[in-house]
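Here is a friendly note to read alongside the model. Please keep the 3D view open and find each residue as it comes up.

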Amino acid sequence: GSMDSRPLQQAKVELMRSLENLDATQQFQVIFYNTQAIPLVARSRGTDMFRGNDLHRMDVERQLEIIEADGGTSHLNALEAALKYNADVIFFLTDADDLNLNAQQLADITRRNNGGARIHCIEFGSSPDLSRPRTPRNSLQRFAEQNGGTYRYINVSDLR
């Protein structure tokens, strides 16, 4: 529930914009989460994945319309669900400046990923970006770096 309508709407817009760059040979999945990981449902039988074609993009867009910010947050459930897809890339979007996972949980996710996916972390916040490229300021930055990804901060105040 903390990711109010403005950052959530912006995340949906950016997601659809990103999907436009995919072609029909590329597969993807979208998982929203609160206390549970909630993957979108692909219409194609026999797969949980979407393809980068217009029909699947429209299906994703239709499902995005009903997604609302609700409930608590379980980053661990979402990350574990994402790893099950054996993805090449994971984009992890959150409004938390800290994953609130202990060192063992973070190490376990990184070990299970085993370099299989680059995990990019995108944080939505309401204060200026204080990150420093060479010195991670929070667990999101460290986690992205440990998994071959990048960290990006988006100030929701700039989204008005």
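1. **Start with the overall plan.** Keep in mind that this is a predicted model. The chain contains 5 helices and 7 strands. Reading from the N terminus, the order of these elements is α-β-β-β-β-α-α-β-α-β-α-β. The chain has 160 residues, and 40% of them count as buried. If you look at contacts between residues at least 6 apart in sequence, 68% join residues at least 24 apart.

2. **Find the largest nonpolar core.** This core has 20 residues, and the ones with the most contacts inside it are Phe92, Leu99, Cys121 and Phe143. Which elements give two or more residues to this core? They are helix 3, strand 5, helix 4, strand 6, helix 5 and strand 7. Helix 3 supplies the largest share, with 5 residues. Apart from this core lies another one, of 12 residues, and Leu19, Leu40, Ala42 and Val60 are among them.

3. Helix 5 spans residues 139-146, and its buried residues are Ser139, Leu140, Gln141, Phe143 and Ala144. What covers these buried residues? The cover includes helix 3 (75-83), strand 5 (89-94), helix 4 (103-113), strand 6 (118-125) and strand 7 (151-155). Now pick out Phe143: leaving aside neighbours within four places in sequence, Phe143 is in contact with Leu79, Leu99, Leu106, Ile109, Thr110, Ile119 and Cys121. After helix 5 comes Gly148, which has a positive phi, near 70°.

4. **Move on to strands 6 and 7.** These two strands run parallel, and 5 bridges join them. For a place to begin, find Ile122, which stands opposite Arg152 in strand 7. Is strand 7 mostly covered or mostly open? Strand 7 is mostly covered, as 4 of its 5 residues are buried.

5. **Compare the aromatic pairs.** The structure holds 2 aromatic pairs. Take Phe28 and Phe50: their ring centres are 5.4 Å apart and their planes meet at 20°, so the pair is stacked. Planes under 30 degrees apart count as stacked. This pair links distant parts of the chain, with Phe28 in strand 1 (residues 27-28) and Phe50 in strand 4 (residues 50-51), 22 residues apart. Both Phe28 and Phe50 are buried. Tyr33 and Phe92 also form a stacked pair, 5.6 Å centre to centre with 20° between the planes. Here too distant parts of the chain are linked: Tyr33 is in strand 2 (residues 31-33) and Phe92 is in strand 5, 59 residues apart. Both Tyr33 and Phe92 are buried.

6. Lys12 sits in helix 1 (residues 5-19). Lys12 is buried, yet has no salt bridge. How far away is the nearest side chain of opposite charge? That side chain belongs to Glu68, 7.4 Å away, and a salt bridge calls for a distance within 4 Å. Not counting residues up to four places away in sequence, Lys12 touches Leu64, Glu65 and Ile67.

7. **Stay in helix 1 for Leu15.** Leu15 is also found in helix 1. Setting aside residues up to four places away in sequence, Leu15 touches Val30, Val60 and Leu64. Leu15 and Glu61 are 46 residues apart in sequence, and their C-alpha atoms are 9.3 Å apart in space.

8. **Finish with Arg57.** Arg57 lies in helix 2 (residues 54-64). Why does Arg57 count as buried? Its relative accessibility is 8%, and buried means under 20%. Arg57 touches Met16, Leu19, Glu20, Leu22 and Gly52, not counting residues up to four places away in sequence. One of these, Glu20, is 37 residues from Arg57 along the chain, and 7.9 Å separates their C-alpha atoms.

Definitions and conventions: Residues are numbered from 1 along each chain as its sequence is written. This is a predicted model: local features need pLDDT of at least 70, side-chain atom pairs count only at pLDDT 80 or more; totals for chains, interfaces and linings use all residues. Side-chain values use heavy atoms; hydrogens and water are left out. Buried means under 20% relative accessible area, exposed over 50%, partly exposed in between (1.4 Å probe, protein chains only). Contact means heavy atoms within 4.5 Å. Lys and Arg count as positive and Asp and Glu as negative; His and the chain ends are not counted. Rings of Phe, Tyr and Trp (its six-membered ring) pair if their centres lie within 6.5 Å; planes under 30 degrees apart count as stacked, over 60 as edge-to-face and the rest as tilted. Two strands pair if DSSP finds at least two bridges between them. A nonpolar core is a set of buried Ala, Val, Leu, Ile, Met, Phe, Trp, Tyr and Cys residues joined through side-chain atoms within 4.5 Å.
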